[in-house]
Amino acid sequence: MLVKTKGVVVKSVNVGEYDRMITAITEDRGKIAFKVCGANSMKNKNTSSCNMFTYSEFVLRQKGEHYTLDKGSSIHYPFRSSCDIDSVSLAAYLCQLCADTSFDEESCRDIQRLLVNALFIIAKKDRPTDFIKGVFELRLLSRLGLKPLNDCCCNCRKSRKLFKKMYFDPVGGDLLCPDCRLDGRIELSAECVELMWGACEKEESKAYAVDVSPALLKEFSFAAESFLLNQLEKKYHTLDYYKSIKS
């Protein structure tokens, strides 16, 4: 049985000398893994469609629960004209996040769109990679139903806009005002709280189209990453590598 789908390659693992196992997040079949025979051969016409980060159309041969690539055609590879280690390492981290959090078909459809757009923005190289990372982390969590409650103090319910700083809980995802603050929370400036709110609530193009100072970027990146790691309760080797490149 042949099935056709479109998806983004988020994982590629060599199997033996010539073959690969590919994981893709697709539009209509959720997260799917399939074998590509001879993928590492220079003569294989399907190789380009199976490279990491590539958005491709796949024709898969299904046998039971197993899939093998029959034919693949690349639709878009984001780093064709420009490629640097910061961009690629960030893209690898975002792909690992998506591979870990894609389950049913509906969530995969939203996550795929989020990933394709983020890869395009990374490739443009006109936004700081740490900013793209933070916006993506918060938008991904929002898609998963884990949006931080960053509009008011969770205790007294006073608006965040009344204060110059708030205190963020990366475990619970809520805010406390200075009057209700507790130990163990991350102190955030009003500008950072506004940035986090925009990352979750604004249209995607507007969420990424914000200019930030280096100090605010550092604060925002730390808060978003802390929240994500606490929610997913997992360490990511791709994140460690990205941060080692940036340091």
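This report looks at one helix and a few salt bridges.

The model is predicted, so local features need pLDDT of at least 70, side-chain atom pairs count only at pLDDT 80 or more, and totals for chains, interfaces and linings use all residues. Residues are numbered from 1 along each chain as its sequence is written, and side-chain values use heavy atoms, leaving out hydrogens and water.

Let's start with helix α1, a DSSP run (H or I, at least four residues). Helix α1 covers residues 85-101, and its 17 residues reach 24 Å from first C-alpha to last, close to the 24 Å expected at 1.5 Å a residue; that expected span is 1.5 Å times one less than the number of residues. Since 12 of the 17 residues are buried, α1 is largely enclosed by the rest of the structure. Buried means under 20% relative accessible area, exposed over 50%, and partly exposed in between (1.4 Å probe, protein chains only). Among the buried residues are Leu 90, Tyr 93 and Cys 98.

Now for the salt bridges: there are 17 of them in the structure. Each is a side-chain nitrogen of Lys or Arg within 4 Å of a carboxyl oxygen of Asp or Glu.

| Pair | N to O distance |
|---|---|
| Asp 211 and Arg 127 | 3.2 Å |
| Arg 185 and Asp 174 | 2.8 Å |
| Lys 243 and Glu 225 | 2.7 Å |

Lys 243 sits in helix α7 and Glu 225 in helix α6, 18 residues apart. Lys 243 is partly exposed at 39% relative accessible area, while Glu 225 is buried at 11%. These two also join Lys 133 and Glu 137 in a network of salt bridges. Asp 211 is exposed at 71%, whereas Arg 127 is buried at 17%.

Definitions and conventions: Helix = DSSP H or I, 4+ residues; strand = E, 2+ residues; numbered from the N terminus.
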